[in-house]
Amino acid sequence: MSAPSVAVSVEGLTKAFGSIRALDGVSLTVGAGEIYGLLGPNGAGKTTLIRSLVGLITVDTGTVTVLGRRLPDRAVLAEIGYMPQSPALYADLTVEENVRFFAAVHGLDRPAAARSTADALEFVDLSPRRRSVVATLSGGMRQRVSLACALVHRPRLLLLDEPTVGVDPQLRAELWRRFTTMSGEGTTIIVSSHVMDEAERCGRLGLVRFGRMLAEGTSAELRRLAGVERLEDAFLVLSESRP
Ligand SMILES: Nc1ncnc2c1ncn2[C@@H]1O[C@H](COP(=O)(O)OP(=O)(O)OP(=O)(O)O)[C@@H](O)[C@H]1O
Ligand SMILES: [Mg+2]
């Protein structure tokens, strides 16, 4: 079997904010169509790593290659969907207007934008609320609009920073089924999470702490490495054992 093509390749990434070493030599390779989960405590560097993959921060050292292009590269942005940890939406616009705006930013013409917006809203189960002004939505609903904005242009690489925080369990399970389908169709997904049942759904996991990659592997591999049965315990054991 031939090796899957590489979607993301990160080598020796460092980034300091003053005296804080947010990334301290992270390397990572993610294959096309993989769902790769980033786990790690608050402040571990997950968001900083994800932002570096969109070119939103300038790293100090190291290289980032996304879909065969070395960053910085504006052209590759069209292939990336990014859902930030805190939704960045226009509160005074409707749900539909927000998603359509992102479609337009990515260069979709009006008919394509209208179609893709409808599909994205269907994906996050918000079609009935499409005419609601974002400011009037619940927190979980805003999170879902943000997800729709990230995937409206059907990106080849989806970067999701804690996408299901505040989303109810039923829809969370449904979204994960849809992520799995997307990955089966070739979309690469990198997702950060603190939720262990979500982590179990990732093909591979990277455990980040102090800006370093402490351990990597499937859930089964990490549990075996830590000598425990539950992923949550593996996470605790591996975090403690490698300061
Ligand atoms: N723009 C910034 N300016 C200063 N410090 C920053 C900035 N962005 C991140 N940091 C610091 O870098 C470290 C890593 O932060 P990051 O947001 O990447 O963590 P995280 O793993 O995403 O955490 P969480 O689980 O809480 O989202 C933290 O100490 C944070 O305070
Ligand atoms: Mg974060």
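In which sense do strand S3 (residues 35–39) and strand S8 (residues 188–192) pair, and over how many bridges? S3 and S8 are parallel, and four bridges join them; view 1 shows this pairing.

This is a predicted model, in which local features need pLDDT of at least 70, side-chain atom pairs count only at pLDDT 80 or more, and totals for chains, interfaces and linings use all residues. Residues are numbered from 1 along each chain as its sequence is written, while chains are lettered from A and ligands numbered from 1 in the order in which they are written.

**View 1**
Helices (H or I, at least four residues) and strands (E, at least two) are DSSP runs, numbered from the N terminus. Two strands pair if DSSP finds at least two bridges between them. A residue is buried if 20 or more other C-beta atoms lie within 10 Å of its own, exposed if 12 or fewer, and partly exposed in between, with C-beta atoms placed from the backbone. By this rule five of the five residues of S3 are buried. In a regular strand the side chains alternate between the two faces of the sheet. Ile35, Gly37 and Leu39 are buried on one side of S3, and Tyr36 and Leu38 are buried on the other.

**View 2. The open antiparallel sheet.**
Four strands form an open sheet in the order S2-S1-S4-S5, with antiparallel pairing. S2 and strand S5 (69–70) are at the edges and have a single partner strand each, so one side of each is left without a neighbour in the sheet. Strand S1 (residues 6–17) pairs with strand S4 (residues 61–66) over five bridges, and Glu11 stands opposite Thr63 in S4. The pairing of S1 with S2 has nine bridges; here Val8 faces Val30 in S2.

**View 3. The turn between S1 and S2.**
S1 and S2 form a hairpin with two residues between them, and Gly18 in the turn has a positive phi of about 60°. Is Gly18 buried or exposed? Gly18 counts as exposed, because it has 6 C-beta neighbours inside 10 Å. Phe17, in strand S1, is also exposed, with 10 other C-beta atoms within 10 Å. From C-alpha to C-alpha, Phe17 and Asp60 are 10.0 Å apart in space and 43 residues apart in sequence. Gly18 and Pro111 are 93 residues apart in sequence, and their C-alpha atoms are 47 Å apart.

**View 4. The residues around ligand 1.**
A residue is near a molecule if its C-beta atom, placed from the backbone, lies within 6 Å of it. The residues around ligand 1 include Phe17, Ile20, Asn42, Lys46, Thr47, Thr48 and Gln85. Strand S2 (20–31) and helix H1 (46–53) each give two or more residues to this shell, and H1 gives the most, with three. Ala, Val, Leu, Ile, Met, Phe, Trp, Tyr, Cys and Pro count as nonpolar, Asp, Glu, Lys and Arg as charged, and the others, Gly among them, as polar. On this basis the shell has four nonpolar residues, seven polar and one charged.

**View 5. Helix H1 and the residue after it.**
Seven of the eight residues of H1 are buried. Among them are Lys46, Thr47, Leu49, Ile50 and Leu53. Gly55 follows H1 and has a positive phi, near 75°.

**View 6. The largest nonpolar core.**
A nonpolar core is a set of buried Ala, Val, Leu, Ile, Met, Phe, Trp, Tyr and Cys residues joined through C-beta atoms within 7 Å. The largest core has 65 residues, and those that touch the most other members are Val8, Val99, Val145, Ala148, Leu159 and Ile190. Helix H4 (residues 139–151) provides the largest share of this core, seven residues. Two residues are in contact if their C-beta atoms, placed from the backbone, lie within 7 Å. Leaving aside neighbours within four places in sequence, Val8 is in contact with residues including Leu28, Val30, Leu53 and Ile190.

**View 7. The two domains.**
The bounds come from an automatic or database domain assignment, which gives domain 1 (1–67 + 158–243) and domain 2 (91–155). Their C-alpha centres lie 26 Å apart. Eight residues of domain 1 are in contact with ten residues of domain 2.
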